[in-house]
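Please read them with the coordinates open.

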Amino acid sequence: MARPLSILVVDDHATTRTLIAEALAEDRDAKVMLASDGDHAFRMALAHRFDVIVCDVKMEPVDGLSFLRALRSHKEASIRKVPVIIMTTTATREVVMAAHQWDATAIMAKPVSIAMLKARLKTIRDAKTQPR
């Protein structure tokens, strides 16, 4: 069995964070940590090595796109290159363009389908285990 994916779930709504974390952890192939906004997530990303980050866009005080920009601008490649799945209720052209500009791995509309999220995570896991 492969090592569990280390996942950071970032959302300012505690219920959403908890529901996603519980759904991902129930398969026992994920180790999930939680953050409540982009600033909290950035500090956690510096302190831990995550395999993937699942992040909401609309949060206060630091939104998901600002978090993504800070992550992708970091001097350490291991931090810059962490796959980030962006979740949003406002998939406007501007949000999608900004997410692509800052190299989001995927963009998912909220409410997020847990089955689709798990499929995205499987794709990321498979890509990490492929020989280079």
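1. Confidence. This is a predicted model. Mean pLDDT over the chain is 93, and 98% of the residues reach 70 or more.

2. Salt bridges, overall. How many salt bridges does a search of the whole structure find? The count is 8. Side chains of opposite charge can pair when their charged atoms come close. The next points take up some of the pairs.

3. Lys110 and Asp11. These two side chains form a salt bridge, with an N to O distance of 2.7 Å. Lys110 sits in the loop between strand 5 (106-109) and helix 6 (114-129). Asp11 sits in the loop between strand 1 (5-10) and helix 1 (14-25). The two parts are 99 residues apart in sequence, so the pair ties them together.

4. Asp56 and Lys110. Lys110 also takes part in a salt bridge with Asp56. Here the closest N and O atoms are 3.4 Å apart. Asp56 belongs to strand 3, and Lys110 to the loop between strand 5 and helix 6, so this pair ties together parts 54 residues apart in sequence. Asp56 is buried, because its relative accessible area is 4%, against a cut-off of 20%. Which residues end up in one network? Shared partners join Asp11, Asp56 and Lys110.

5. Arg49 and Glu76. Their side chains meet in a salt bridge at 3.0 Å, N to O. This pair links distant parts of the chain, 27 residues apart. Arg49 is in the loop between helix 2 (38-47) and strand 3 (52-56). Glu76 is in the loop between helix 3 (64-72) and helix 4 (77-80). Arg49 has 47% relative accessibility and counts as partly exposed. Glu76, at 33%, counts as partly exposed.

6. Strand 4, burial. Strand 4 covers residues 84-88 and is mostly covered, with 5 of its 5 residues buried. Which way do the side chains point? Val84, Ile86 and Thr88 point one way from the strand. Ile85 and Met87 point the other way. Residues on both sides are buried.

7. Strand 4, pairing. Strand 3 and strand 4 pair in the parallel sense, over 4 bridges. Within that pairing, Asp56 stands opposite Met87. Asp56 is the residue already noted for its salt bridge with Lys110. Strand 4 and strand 5 run parallel and are joined by 4 bridges. Ile86 has Ile107 in strand 5 as its bridge partner. Between strand 4 and strand 5 the chain passes through helix 5 (residues 93-101). This β-α-β crossover is right-handed.

8. Leu5. Leu5 lies in strand 1. Its relative accessibility is 5%, so Leu5 counts as buried. What does Leu5 contact, leaving aside neighbours within four places in sequence? The contacts are Asp29, Ala30, Lys31, Asp51, Leu121 and Arg125. Take Lys31: Leu5 and Lys31 are 26 residues apart in sequence. Their C-alpha atoms are 5.9 Å apart in space.

Note on methods. Residues are numbered from 1 along each chain as its sequence is written. This is a predicted model: local features need pLDDT of at least 70, side-chain atom pairs count only at pLDDT 80 or more; totals for chains, interfaces and linings use all residues. Side-chain values use heavy atoms; hydrogens and water are left out. A salt bridge is a side-chain nitrogen of Lys or Arg within 4 Å of a carboxyl oxygen of Asp or Glu. Buried means under 20% relative accessible area, exposed over 50%, partly exposed in between (1.4 Å probe, protein chains only). Two strands pair if DSSP finds at least two bridges between them. A crossover is right-handed if, with the strands pointing away from the viewer, the path from the first strand over the helix to the second runs clockwise. Contact means heavy atoms within 4.5 Å. pLDDT is the predictor's confidence in each residue, from 0 to 100.
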